[in-house]
Amino acid sequence: MTFGFAPSSAASLTSASAASASRLLEPAEWADAGIPLLRNPREVVSGLHSRHRPRPGTAVVAVLDPEERLCASASFGRRSTPADGWMFRNALLAQLRRVIPHDLRRRTPVRTAVLLYCREGGARWTEEDGAWMWGLRDACTLHGLRCGAYITLTHDGWQVLGEGRGGRRPNADSPPEPFALSEAPPLPPRTGGAVSEVLRRAAAR
């Protein structure tokens, strides 16, 4: 018979917190990752804002072709759980699989995925942003896409993190502007509901 000590709940929580903290990207790491710059970020932001009309707590993932035309997009709500890059990765990957085939057979990625996240607070980087960055990068790798820009949308305006580019409109409160984002081919927006099935399954574990 072997005797031992079971790990305390506090130790388990500490371990989980450490794992979650490792699944985020700092601004310097994001800047060093070689993320391709958007030629016209305001047009991309305005187009996605007009299509999905995100409110705080809504993520919009979009796939752009080499000409920066919209191939597909999907929006879904973020569940009020601690920020975790692994859960965000799974949610993003589930949405990508719903709206566009993967490009894993290509030697090099051709299409680029960008993420627009509407949230409360200011434009400065947060750990939640870092978790979304980690999730976007990993989801792109698993779906055969280039990892593109991460954009926050707040009451003050929009900001492309890591680039220093932004604007006051659109913002989390502004009405949709005339639709300007070109499409190839035209696809209807997809919505994953208030909470994606992936997030529900992950939270139940």
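**Close-up views of the strands and a pocket**

**View 1. Cys118 has Leu153 as its bridge partner in E4.** The model is predicted: local features need pLDDT of at least 70, side-chain atom pairs count only at pLDDT 80 or more, and totals for chains, interfaces and linings use all residues. Residues are numbered from 1 along each chain as its sequence is written, and side-chain values use heavy atoms, leaving out hydrogens and water. Strands E3 and E4 run parallel and are joined by six bridges; two strands pair if DSSP finds at least two bridges between them. Together with helix H5 (residues 127-143), E3 and E4 make a right-handed β-α-β unit. Right-handed here means that, with the strands pointing away from the viewer, the path from the first strand over the helix to the second runs clockwise.

**View 2. Strand E3 is mostly covered, with seven of its seven residues buried.** Buried means under 20% relative accessible area, with a 1.4 Å probe and protein chains only. Thr112, Val114, Leu116 and Cys118 point one way from E3, while Ala113, Leu115 and Tyr117 point the other way. Cys118 counts as buried because its relative accessibility is 0%. Cys71 also counts as buried, because its relative accessibility is 7%. No disulfides are found in a search of the whole structure, a disulfide being a pair of cysteine sulfur atoms within 2.5 Å. For the protein chain, 47% of the 205 residues count as buried.

**View 3. Strand E1 (residues 58-64) runs antiparallel to E3.** Seven bridges join E1 to E3. Ala59 has Tyr117 in E3 as its bridge partner. The chain that holds these elements has six helices and seven strands. Helices (H or I, at least four residues) and strands (E, at least two) are DSSP runs, numbered from the N terminus. The order of elements from the N terminus on is α-α-α-β-β-α-β-α-β-β-β-β-α.

**View 4. E4 and strand E5 (residues 157-160) run antiparallel, joined by four bridges.** A hairpin of two residues connects E4 to E5. Ile151 stands opposite Val160 in E5.

**View 5. E5 and strand E6 (residues 165-167) run antiparallel, joined by three bridges.** Trp158 stands opposite Gly167 in E6. The hairpin formed by E5 and E6 has four residues between the strands. Gly162, in the turn of this hairpin, has a positive phi of about 90°.

**View 6. The second largest pocket has a volume of about 160 Å³.** Its lining holds 14 residues, of which Leu37, Asp65, Glu68, Thr112 and Arg146 are the closest to the centre. Strand E3 (112-118) and strand E4 (146-154) are the elements that give two or more residues to the lining. E4 gives the most, with three residues. The lining divides into eight nonpolar, two polar and four charged residues. A pocket is an open set of points on a 1 Å grid over the protein atoms alone, where a 1.4 Å probe fits, with protein on both sides within 12 Å along at least five of seven lines; lining residues have an atom within 4 Å of a point. Points are joined across faces, edges and corners, and the volume is the space filled by probe spheres set on them. Asp, Glu, Lys and Arg count as charged; Ala, Val, Leu, Ile, Met, Phe, Trp, Tyr, Cys and Pro as nonpolar; the others, Gly among them, as polar.

Technical notes
Buried means under 20% relative accessible area, exposed over 50%, partly exposed in between (1.4 Å probe, protein chains only).
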